[in-house]
Amino acid sequence: MEQYVIKGGTPLKGNVSIGGAKNAALGILAAAIMSDETVTIENVPNVRDTRVLLQAIEEIGAKVKYLDNNTVEINGSTITDVTVDYDYIKKIRASYYLLGALLGKKHESNVALPGGCNIGSRPIDQHLKGFRALGAFDDIDKGMVHVKADRLVGAHIYFDVVTVGATINLMMAACMAEGATILENAAKEPHVVDVANFLNAMGANIKGAGTDVIRIKGVDKLHGCSYSIIPDQIEAGTFMLAAATTNGDITVCNVIPKHLESISAKLLEMGCTVIEGDDSVRVVATDRTLKATNVKTLPYPGFPTDMQPQMAIALALAEGNSIVTESIFENRFKYVGELARMGAKIKVEGNTAYIEGVKGYSGADVSAPDLRAGAALVVAALAAEGFSVIDDIEYIQRGYENFEGKLSSLGGSIEKVDNERDLQKFKLKIG
Ligand code: EPZ
């Protein structure tokens, strides 16, 4: 089993180029099959979740061609199957996007109930509520979700909770329904807007993405297009918080600073210097102690839940006490036990973490409990004195392309190993 071995204590410094947004790519790759023409998508992050989704898309009959590591051509005209294979798709949460894409294209789909990170119950009731409103029937049998419609007719849908997945899924299904659909209480994340822009590039008629109300006029068909995915807000934020956590100086490049505003604001509160360029953000935290502050995760434009572990790990090194409240998912503090092994002092009560800042971390052997917490523990290990080993790094590889390579380029001593001999070799080499 692969692990990261890390020697911490060196501030991370330099420039890092940010890849395409995983959570935009997963919606866009699924939506691409809705056209019977060729769609070319650039800036696709080469991570496990996108590769698994593309495997599943190929499995149901679409043509998938990698033009390079981050550019893919998809043609959905040869899709024959609406049942998405259980083995592939159980591994990722975004399997549910094939429900909306196939329902829109074929008026039927049969997809395994989503897997993904165990950060909460992660129901899909709002997805199914929206599909039913458009005229679909659904049932769940043996872990497979089956949706089918004779006709898809536009409807007025009000989401009971702000949900990224259901917003994206209903945009896909509704863009080929007859008549108009209104999505109320819609998610406004940058990746929701990116999927809407992509669908419009294929000829859909979607207005209002990025606001609470999205209006969709159904069209008969979607044509091919070329599209480039927006930069990953969470990958960028992870490196910005790595600068704070390691007292470093990192510039994230090829980003949209507007998407990072809630993260930049918190870093300023913590005493970091934040310098915004046109497509870059520099975070300077050298030779200063971080200040404590409080954070509550909220739907965009609030502080992102996907940045909660990274933020807590920085605050656990700040001077004073901080409070982190997780309002989106019910089980997103699993990393706290692992971080305690590095010396952090955090008490979790319900959906709130009470943090008492400590002077520093000491290296330890820890396991990644999920994607974002795993990335955060790697950053903590890079700030810690001494060696650490991170297990279960396949979680991290779901959402970060070449994570260890990018961290090494910033001066981090980190290596991916898959046996004890290589682990010891790294320790001897770094000393
Ligand atoms: C997406 O998950 C992201 N995943 C998550 O990122 C992200 O944390 C989340 O949005 C919130 O921003 C992908 O895009 C693949 P939701 P999703 O539907 O769509 C409840 C990462 O690290 N809910 O916005 O599953 C749900 O339980 C991952 O990249 C319902 O109750 O999130 C949660 O409490 C982790 N019923 C809240 O809404 C539903 O039908 C937000 O979920 C759907 C959701």
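This is a predicted model: local features need pLDDT of at least 70, side-chain atom pairs count only at pLDDT 80 or more; totals for chains, interfaces and linings use all residues.
**View 1. The shell around the ligand.** Welcome to the ligand site, where 25 residues surround the ligand. R93, Y96, V164, D306 and I328 are the closest of them. Sorted by class, this shell holds 12 nonpolar, 6 polar and 7 charged residues. Helices α1 (22–32), α5 (125–133), α6 (164–174) and α12 (371–383) each give it at least two residues.

View 2. Look for T163, which has a polar side-chain atom 2.7 Å from an oxygen atom of the ligand. In K22, a side-chain N or O atom is 2.9 Å from a ligand oxygen. P123 takes part through its backbone, with an N or O atom 3.4 Å from an oxygen of the ligand. The protein buries 91% of the 820 Å² that the ligand exposes when taken alone.

**View 3. The largest pocket.** The lining comprises 42 residues, and R122, V164, G165, I328 and F329 lie nearest the pocket's centre. At least two lining residues come from each of α1, α5, α6, α7 (190–201), α8 (233–245) and α12. The lining has 19 nonpolar, 11 polar and 12 charged residues.

**View 4. The second largest pocket.** Two or more lining residues come from each of α8 and α12. By class, the lining of this second largest pocket splits into 9 nonpolar, 8 polar and 4 charged residues.

Note on methods
Residues are numbered from 1 along each chain as its sequence is written. Side-chain values use heavy atoms; hydrogens and water are left out. A residue is near a molecule or strand if one of its heavy atoms lies within 4 Å of it. A polar contact is a pair of N or O atoms within 3.5 Å; within protein, one must be able to donate a hydrogen and the other to accept it, and residues adjacent in sequence count only if both atoms are side-chain atoms. Accessible areas come from the Shrake-Rupley method with a 1.4 Å probe; for residues, only the protein chains shown count as cover. Helices (H or I, at least four residues) and strands (E, at least two) are DSSP runs, numbered from the N terminus. Ala, Val, Leu, Ile, Met, Phe, Trp, Tyr, Cys and Pro count as nonpolar, Asp, Glu, Lys and Arg as charged, and the others, Gly among them, as polar. On a 1 Å grid over the protein atoms alone, a cavity is a set of points where a 1.4 Å probe fits but cannot get out, and a pocket is an open set with protein on both sides within 12 Å along at least five of seven lines; lining residues have an atom within 4 Å of a point.
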